[in-house]
Amino acid sequence: MSRCKGCGAEIDWVRMKSGKSMPVDPEPVFVAEGGNQVFITDEGDTITGTATESKTGEVAFVPHWATCPAYKQFKRK
């Protein structure tokens, strides 16, 4: 596990289908259909939905840019 250079939070990395690595929050969430939030699966796929408390749906990770207070310093121009 590594730390975000912007906010210092712990992050994990998932290898995307494109071959690039995506920083994600380390705790997986359950994703229900019907939302527009972006999530990353273990296999490196991007899915959309809504995080849910119920233990049903697909398990995925929240991209760290969605929760990082310093995400703007990493955006490419």
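I take contact to mean heavy atoms within 4.5 Å.

**Entry 1: the model**

I note that this is a predicted model, in which local features need pLDDT of at least 70, side-chain atom pairs count only at pLDDT 80 or more, and totals for chains, interfaces and linings use all residues. Residues are numbered from 1 along each chain as its sequence is written, and side-chain values use heavy atoms, with hydrogens and water left out.

**Entry 2: Pro 26**

I looked up the partners of Pro 26, leaving aside neighbours within four places in sequence. Pro 26 is in contact with Met 1, Glu 10, Ile 11, Asp 12 and Phe 61. I placed Pro 26 in the loop between strand S3 (21-24) and strand S4 (29-40). Strands (E, at least two residues) and helices (H or I, at least four) are DSSP runs, numbered from the N terminus.

**Entry 3: the overall fold**

I counted zero helices and six strands in the protein. From the N terminus on, the order of elements is β-β-β-β-β-β. The C-alpha trace spans about 35 × 25 × 25 Å along its principal axes.

I then compared the radius of gyration with the globule rule. A compact globule of 77 residues would have a value near 11 Å, and the 13 Å of the protein agrees with this. The radius is taken over C-alpha atoms, and the rule is 2.2 Å times the number of residues to the power 0.38.

Of the contacts between residues at least 6 apart in sequence, 45% join residues at least 24 apart.

**Entry 4: surface and charge**

I recorded that buried residues make up 27% of the 77 residues. The protein exposes about 5500 Å², of which carbon and sulfur atoms supply 51%. Such areas come from the Shrake-Rupley method with a 1.4 Å probe, and for residues only the protein chains shown count as cover.

For charge, I found the mean positions of the 10 positive and 10 negative charges to be 14 Å apart. Lys and Arg count as positive and Asp and Glu as negative, whereas His and the chain ends are not counted. The place of a charge is NZ of Lys, CZ of Arg, CG of Asp or CD of Glu.

**Entry 5: cysteines and His 64**

How many disulfides does the structure hold? I found zero. A disulfide is a pair of cysteine sulfur atoms within 2.5 Å. The sulfur of Cys 4 has its closest cysteine sulfur in Cys 7, at 3.8 Å, which is too far for a bond. Cys 4 is buried, with a relative accessible area of 10%, whereas Cys 7 is partly exposed at 31% relative accessibility.

I next looked at His 64, which touches both Cys 4 and Cys 7. Not counting residues up to four places away in sequence, His 64 also touches Ala 9, Ile 11, Pro 23, Val 24 and Asp 25. His 64 is placed in the segment after strand S6 (58-60). I noted His 64 as buried, because its relative accessible area is 5%.

**Entry 6: Thr 41**

I found Thr 41 in the loop between S4 and strand S5 (46-52). Thr 41 counts as buried at 1% relative accessibility. Neighbours within four places in sequence left aside, Thr 41 is in contact with Val 14, Ile 47, Glu 58 and Ala 60. Asp 25 is 16 residues from Thr 41 in sequence, with 12 Å between their C-alpha atoms.

**Entry 7: two serines**

Where is Ser 18 found? I located Ser 18 in the loop between strand S2 (10-15) and S3. Ser 18 counts as exposed, at 60% relative accessibility. From Ser 18 to Asp 45 there are 27 residues in sequence and 9.4 Å in space, C-alpha to C-alpha.

I found Ser 2 in strand S1 (residues 2-3), and Ser 2 counts as partly exposed at 26% relative accessibility. Residues up to four places away in sequence not counted, Ser 2 touches Ala 9, Glu 10, Ile 11 and Trp 13. Ser 2 and Trp 65 are 63 residues apart along the chain, and 15 Å separates their C-alpha atoms.

How values were computed: Buried < 20%, exposed > 50% of the residue type's maximum accessible area, 1.4 Å probe, protein only.
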